Structures are given as C-alpha cells and as structure tokens.
Amino acid sequence: MIEIYTDGACSGNPGPGGWGVLILQDGGEKRLCGGEGATTNNRMELQAAIEALAAFPEGTPLTLHTDSQYVKNGVTTWIHGWKRNGWKTAARKPVKNRDLWQALDGLCSARAVSWKWVKGHAGHPGNEEADRLAREGMAPFA
C-alpha cells in the first residue's frame, strides 16, 4: 500500500504559503513541495492533497494522511452536498476554494483513496516531514 502524508503552511493567512507531500512506497520515500506568494492555509492543504494524488496513475490505491479536518471532512462528507447544491454550502453561500475542490474531486474519483486524519504537530514522523516540506515550499515566497 502507498502511504502519503500531506500538509500546508502559510505565513499570515492570507500570505505566502507552501505545500508538502511525503510518499512512502515499496520501502522508499519521495518528497514533493511547492508554494505560492499569496494564498491561504486551506488552499495549501488542498494543493498538497492534489499534488499527492496527481503523482499516481488512475486506479492506484492510496492512503492519504492529512492533519486538516477541512480537507478530510470536505472530501469525504461535505463535497457530496456541495455538488448536489450547485457548489453552494448549506447556508447557500458559494463554496470557498471551489477550483481546488473540483480538482481534488476529479482526482479522487479515479483513484482508490483512503483518507486518514492525523493530529498535527504531535510528533508523528510522516506528518512532521510533510510540515517541514510545506515550510520548504513556502520559503522562496516568504
């Protein structure tokens, strides 16, 4: 099984931000990171998940660990209602970050993704490395 850890970081919210991905596969590790000059923490959390899934072909079974309840709950629960309601929240407001949610939804629909939440900044090695990568991705923009 492929284990993935993702994280996003932002210096200010909004502000410069970064995303990080740690991939554990076949006894090896792969690291991805990037960032933007003006973004939000939630956008970077979503971008990390998008980049992680995009790194694998359709049909690939993956376990993705995130410390973002926003991402995990959004992709496993809230998104179904948003799509039913024409990308509006229960309060009939437009869904924030719709572009990224739609990209993530498309990637998820073509892969077998198991979503796991992990407590952030609690010493979990995979999450700590994803956080380090997110900060590395943010560094050129900070």
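A salt bridge is counted here when a side-chain nitrogen of Lys or Arg lies within 4 Å of a carboxyl oxygen of Asp or Glu. The structure described is a predicted model, and a search of the whole of it finds seven salt bridges.

**A network of charged side chains**

Several of these contacts share residues, and Glu-29, Arg-31, Glu-129, Arg-132 and Glu-136 are linked in this way into a network.

| Salt bridge | Closest N to O distance |
|---|---|
| Arg-31 and Glu-129 | 2.7 Å |
| Arg-132 and Glu-136 | 2.8 Å |

The salt bridge between Arg-31 and Glu-129 connects distant parts of the chain, since Arg-31 belongs to strand β3 (residues 28-39) and Glu-129 to helix α4 (residues 125-138), 98 residues apart. Within helix α4, Glu-129 and Arg-132 are three residues apart, and therefore about one helical turn separates them. Glu-136 and Arg-132 also both lie in helix α4, with a spacing of four residues, again about one turn of the helix.

Which of these residues are buried, and which are partly exposed? Glu-129 counts as buried because its relative accessible area is 16%, which is under the 20% limit used for that class. Arg-31, by contrast, has 40% relative accessibility and so counts as partly exposed. Arg-132, with a relative accessible area of 33%, is partly exposed, and Glu-136, at 40%, is also placed in the partly exposed class.

**A cluster of aromatic rings**

The structure holds four aromatic pairs. In one of them, the ring centres of Trp-78 and Trp-82 are 6.1 Å apart and the ring planes meet at 50°, so this pair is described as tilted. Both residues lie in helix α2 (residues 69-84), and because they are four residues apart there, about one helical turn separates Trp-78 from Trp-82. Their accessibility can be set side by side: Trp-78 is partly exposed, at 36% relative accessibility, whereas Trp-82 is buried, at 10%.

Trp-82 also pairs with Trp-87, and because the centres of these rings are 6.4 Å apart with their planes at 40°, the pair is again tilted. Trp-87 counts as buried, its relative accessibility being 10%. Taken together, ring pairs link Tyr-70, Trp-78, Trp-82, Trp-87 and Trp-101 into a cluster.

**Strand β1 and its partners**

Strand β1 (residues 2-10) has nine residues, and because seven of them are buried, the strand is largely enclosed by the rest of the structure. Which strands does β1 pair with, and in what sense? With strand β4 (residues 61-66), the pairing of β1 is parallel and extends over five bridges; here Ile-4 has Leu-64 of β4 as its bridge partner. With strand β2 (residues 15-25), β1 runs antiparallel, and eight bridges join the two strands. Among the residues involved in this second pairing, Gly-8 has Trp-19 of β2 as its bridge partner. The strands β1 and β2 form a hairpin with four residues between them, and in that hairpin Gly-12 adopts a positive phi near 90°.

Methods:
Residues are numbered from 1 along each chain as its sequence is written. This is a predicted model: local features need pLDDT of at least 70, side-chain atom pairs count only at pLDDT 80 or more; totals for chains, interfaces and linings use all residues. Side-chain values use heavy atoms; hydrogens and water are left out. Rings of Phe, Tyr and Trp (its six-membered ring) pair if their centres lie within 6.5 Å; planes under 30 degrees apart count as stacked, over 60 as edge-to-face and the rest as tilted. Buried means under 20% relative accessible area, exposed over 50%, partly exposed in between (1.4 Å probe, protein chains only). Two strands pair if DSSP finds at least two bridges between them.
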